Amino acid sequence: MKTALLAGATGLIGSQLLSLLLESDRYEKVIAISRRSLKTADPKLHNIVSGLDTLPNFTDKLLADDVYCCLGTTIRKAKTKGAFRQIDFEYPVLLASLSKAQGAKQFLLVSSLGADKSSFAFYNRIKGETEEAIVAVGFESCHIFRPSLLQGPRKEHRAGEDAAKWFFAIFGFLVPIKYKAIESIKVARAMLACAALEQKGNFIHDSGELQTYTADTYDLMISLMKVDR
């Protein structure tokens with residue numbers, strides 16, 4: 001039995017992934033880092049209440065096999081480019097470095113469609129730089145997930161996403177699958193399924209691939225993995 005470490009457990013993907021990790025037979029322990037105490041009651045859950053800037057103080061508690069990073073914000077919410085870079089680049093790279101030093105084998109990162117370190121768009125460039133820096137840490141396995149526009153039960157209202165949902169509802173059939181809006185739960189399922197494969201190497205999963213992780217497909221994959229083991 002293994003231990004999972006999750007950062008970003010209160011976000012859209014992270015909150016759904018936390019539920020999957022706690023339900024999974026793969027893990028006997030799930031460590032979740034959050035700025036405020038999680039309200040989830042589960043004997044498998046070990047909640048580290050801390051800001052990411054003080055994470056080095058908890059290094060000895062970051063003993064995990066698989067590390068899931070669902071950290072991320074928007075420039076509008078961060079307010080400055082510096083604050084955005086701290087959350088989307090500095091914190092994920094810090095998490096990767098600290099957990100790797102404690103023996104983690106796999107790192108699974110939520111990035112974004114369009115991530116490119118050479119991009120003129122600041123958001124896409126930071127995402128690309130983050131991907132490159134984390135791969136350089138040298139995990140046995142590194143999975144990068146690049147979803148398109150996320151749909152799901154967000155706690156905050158985003159007017160831009162409402163407009164996009166309206167667009168996809170009407171014109172979605174014209175949009176290539178790689179660019180279609182995607183349900184956040186599909187990304188969460190893909191992360192757990194990819195970790196269970198335990199493949200060595202660096203992998204990028206674009207949004208078109210992530211669209212295939214429907215409930216039925218996910219359940220079938222997990223059941224087959226259990227048989228193989």
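A residue counts as buried when its relative accessible area is under 20%. Keep that cut-off in mind for the views below, which all come from a predicted model.

**View 1. Thr-73, tucked into a loop.** Start in the loop that runs between strand E4 (66-69) and helix H2 (75-78), where you'll find Thr-73. Its relative accessible area is 13%, so Thr-73 is buried. What does Thr-73 touch, once residues up to four places away in sequence are set aside? The list is Ala-78, Phe-84, Ile-87, Asp-88 and Tyr-123.

**View 2. Helices H3 and H4, side by side.** Two of Thr-73's partners, Phe-84 and Asp-88, turn up again here in H3, and Tyr-123 turns up in H4. The axes of helix H3 (residues 81-101) and helix H4 (residues 122-137) come within 9 Å and cross at roughly 10°. Angles under 35 degrees count as roughly parallel, and H3 and H4 are therefore roughly parallel to each other. On the H3 side, the residues that meet H4 include Phe-89, Pro-92, Val-93 and Ala-96. Among those facing them from H4 are Phe-122, Ile-126, Ala-133 and Val-137. Sort the residues of this contact by type and you get eleven nonpolar, two polar and six charged.

**View 3. The largest nonpolar core.** This core has 34 residues, and Leu-18, Leu-21, Tyr-68 and Met-191 are the ones that touch the most other members. Which elements give two or more residues to the core? They are strand E1 (2-7), helix H1 (12-23), strand E2 (27-34), strand E5 (106-110) and helix H6 (184-197). H6 supplies the largest share, with nine residues. There's also a second, separate core of 29 residues, and Ile-31, Ile-48, Leu-62 and Phe-122 are included in it.

View 4. Leu-18 belongs to helix H1, and its relative accessibility is 5%, so Leu-18 counts as buried. From C-alpha to C-alpha, Leu-18 and Leu-6 are 7.5 Å apart in space, and they sit twelve residues apart in sequence. Leaving aside neighbours within four places in sequence, Leu-18 is in contact with Leu-6, Ala-9, Val-30, Ala-32, Leu-38, Thr-40 and Leu-45.

**View 5. Two loop residues with a positive phi.** Most residues other than glycine have a negative phi. Lys-79 has a positive one, near 80°. Lys-79 lies in the loop between H2 and H3 and, at 70% relative accessibility, counts as exposed. Glu-198 has a positive phi too, near 55°. You'll find Glu-198 in the loop between H6 and strand E9 (201-206), and with a relative accessible area of 37%, Glu-198 is partly exposed.

**View 6. Zooming back out.** Overall, the protein has eight helices and nine strands. Of its 229 residues, 48% count as buried. The accessible surface comes to about 11,400 Å², and 55% of that belongs to carbon and sulfur atoms.

Technical notes: Residues are numbered from 1 along each chain as its sequence is written. This is a predicted model: local features need pLDDT of at least 70, side-chain atom pairs count only at pLDDT 80 or more; totals for chains, interfaces and linings use all residues. Side-chain values use heavy atoms; hydrogens and water are left out. Axes are lines fitted to C-alpha atoms, for helices over the stretch in contact, and angles run from 0 to 180 degrees between N-to-C directions. Helices (H or I, at least four residues) and strands (E, at least two) are DSSP runs, numbered from the N terminus. Angles under 35 degrees count as roughly parallel, over 145 as roughly antiparallel, 65 to 115 as roughly perpendicular and the rest as oblique. Contact means heavy atoms within 4.5 Å. Ala, Val, Leu, Ile, Met, Phe, Trp, Tyr, Cys and Pro count as nonpolar, Asp, Glu, Lys and Arg as charged, and the others, Gly among them, as polar. Buried means under 20% relative accessible area, exposed over 50%, partly exposed in between (1.4 Å probe, protein chains only). Accessible areas come from the Shrake-Rupley method with a 1.4 Å probe; for residues, only the protein chains shown count as cover. A nonpolar core is a set of buried Ala, Val, Leu, Ile, Met, Phe, Trp, Tyr and Cys residues joined through side-chain atoms within 4.5 Å.
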